[in-house]
Amino acid sequence: MALAHEVMENYGRLKLYIDGEFVESETSQYIKAFNPAKDEVIAEVPNTLPEEVDKAVEAAYEAYLKWRETPIPTRVQYLFRIKEVLERHKEEIARIIVQNHGKTLDEARGEMRRAIENVETAIGVAYLLEKGEYLENIAKGIDEYLVREPLGVAAIISPFNFPVMVPFWFIPYALAVGDTVVVKPSEITPVPFHWVIKLLHEEAKLPPGLINVVYGLGNVGESLISHKKVFGVAFVGSTPVARAIYKRVGELGKKAILQAGAKNFAVVMPDANMDRTIPNLISSFFGNTGQRCLANSVLVPVGEAYDKVVPKFREMASQLRLGYGLDEDVDMGPMATRKGLERVLKYIDIGLEEGAKLTLDGRGKKPEKYPNGYFIGANVFEEVTLDMTIAREEIFGPVVSVIRAETLDEAIEMINSSQYGNASSLFTSSGAVARKFRREVNVGNLGINVGVAAPMAFFPFGGRKESFFGVVHGQVDSLDFFTDKKIVIERWW
Ligand code: NAD
């Protein structure tokens, strides 16, 4: 097992992965990928040319024609190989996630667990996939039945904050049903996925063309989605981009899963077990430095809960130890990008201008050892009202807006008035309160005494309103996205 700092210092120019081979892009445009704790360049990322995207899709399509003929038990054997490779190297990959993204090692290990869990779930494809219906004699001598078919080449476009887990929300299911994929990882954190592909190439020996990888900016995503041999896109990222892609796939008549941005509320009732609730809230608000679509970012204490939760929460938040995730004793890493840090600082300014009270100020905090990293401490705003920008927009950083509610109904109304509907949490010891909350809150993922409502792979990943566009959700539900039903009406004479 690699030791703390045994990650490579620089991964050089990342190569595209097309038809089972690593190919250097002919682009002249390279983007820099950083270690955000140190502000050091660790790789150069090609902005793939349209003709190279075309090659990747063509390779995926050729591979699909054979792969769809490969019997399911054989396909599943390849998924077992993928699982083995990820298990064998999970620690090493987790360290590269820390290096390129900045999250803590435990958070990166959690990400790897979730990626692997999706492969394990897809291995059960023969049990999971609806196997069809058969009805005899719908007319004299005529039978009617349904078969599920793979659709060809899918595009997978992923965000910076979970560089390995998110592509694996989709890849295993696509392969399990007989599709092939072209993946475009985030240009900000492409290194961990690049490493996964290198390991799969060396050790899993998948048939060439099953997984192809192109890198680059939004324009690469656009040419991938527009390619006539791509049947659809599984996208995870921000709401403006998701909405633009939704329009585009509508014009093109393609399928889409689009998981988007969030603004999540955590409601604390006076009867909550505060000793357990507060640490749970801390990890929900500040885990991954607040860069999680399931992170809560608005804290809503109801009535007397305010005094029981807010002072202790603020105190605990102030003690989070900032640092580089590959060092010991680090609770919170840097922001993943300098731009992200600037965005957070901008929102803090806006919060102050709009009259909120910054009762914990994390600005300017950084570990002595890493003066150049994109660090910021935890921030807590109190006296926030729902009309303030910081209460409505996705900040995607370690900034908490506290809004007091007098009743549970008021708290629920606040959540339902948000443009987003990704996740929400409730802390209480009352079953009746929890039930009411579950029934009335309009979000896709709900945590009851759970701060990060992350669905396991064998459940769909929810999302509503501007946090999700499409019909079918991610993880196991994506089996429906990667296949379609064919209805056969059959007569023999
Ligand atoms: P982003 O939207 O900036 O980028 C996501 C991906 O889309 C990247 O690979 C990017 O290169 C690509 N892209 C950008 N413009 C494109 C275009 N026009 N066409 C095609 N592809 C394009 O998001 P990000 O900053 O990387 O990720 C953070 C966002 O993702 C946050 O809003 C967060 O809430 C959201 N997120 C949502 C979920 C979820 O499940 N709902 C999970 C993780 C992250």
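So, which residues lie nearest the centre of the largest pocket? They're F160, E187, I188, S238 and V241, out of 50 lining residues. Quick reminder before I go on: this is a predicted model.

Okay, the pocket itself. Its volume comes out at about 1,300 Å³. By class, the lining splits into 26 nonpolar, 13 polar and 11 charged residues. As for which elements give two or more residues to that lining, we've got β3 (30–35), α8 (218–226), β10 (230–236), α9 (239–252) and α12 (338–353). The largest share is from α9, with six residues. And both domains take part: domain 1 (16–260 + 467–490) and domain 2 (264–448) each put in at least three residues.

We count two cavities of 30 Å³ or more. The largest cavity is about 100 Å³, and 15 residues line it, with G290, R292, A295, S297 and F396 nearest its centre. That lining has seven nonpolar, five polar and three charged residues.

The second largest cavity holds about 40 Å³. Its lining is V236, Q259, A260, C293, N422, F461 and S467. By class, that's four nonpolar, three polar and no charged residues.

Strands β5 (134–139) and β24 (483–491) each supply at least two residues of the patch, and I487 is in β24.

That's my tour, over to you.

How values were computed: Residues are numbered from 1 along each chain as its sequence is written. This is a predicted model: local features need pLDDT of at least 70, side-chain atom pairs count only at pLDDT 80 or more; totals for chains, interfaces and linings use all residues. Side-chain values use heavy atoms; hydrogens and water are left out. On a 1 Å grid over the protein atoms alone, a cavity is a set of points where a 1.4 Å probe fits but cannot get out, and a pocket is an open set with protein on both sides within 12 Å along at least five of seven lines; lining residues have an atom within 4 Å of a point. Grid points are joined across faces, edges and corners, and a volume is the space filled by probe spheres set on the points. Helices (H or I, at least four residues) and strands (E, at least two) are DSSP runs, numbered from the N terminus. Ala, Val, Leu, Ile, Met, Phe, Trp, Tyr, Cys and Pro count as nonpolar, Asp, Glu, Lys and Arg as charged, and the others, Gly among them, as polar. Domain bounds come from an automatic or database domain assignment.
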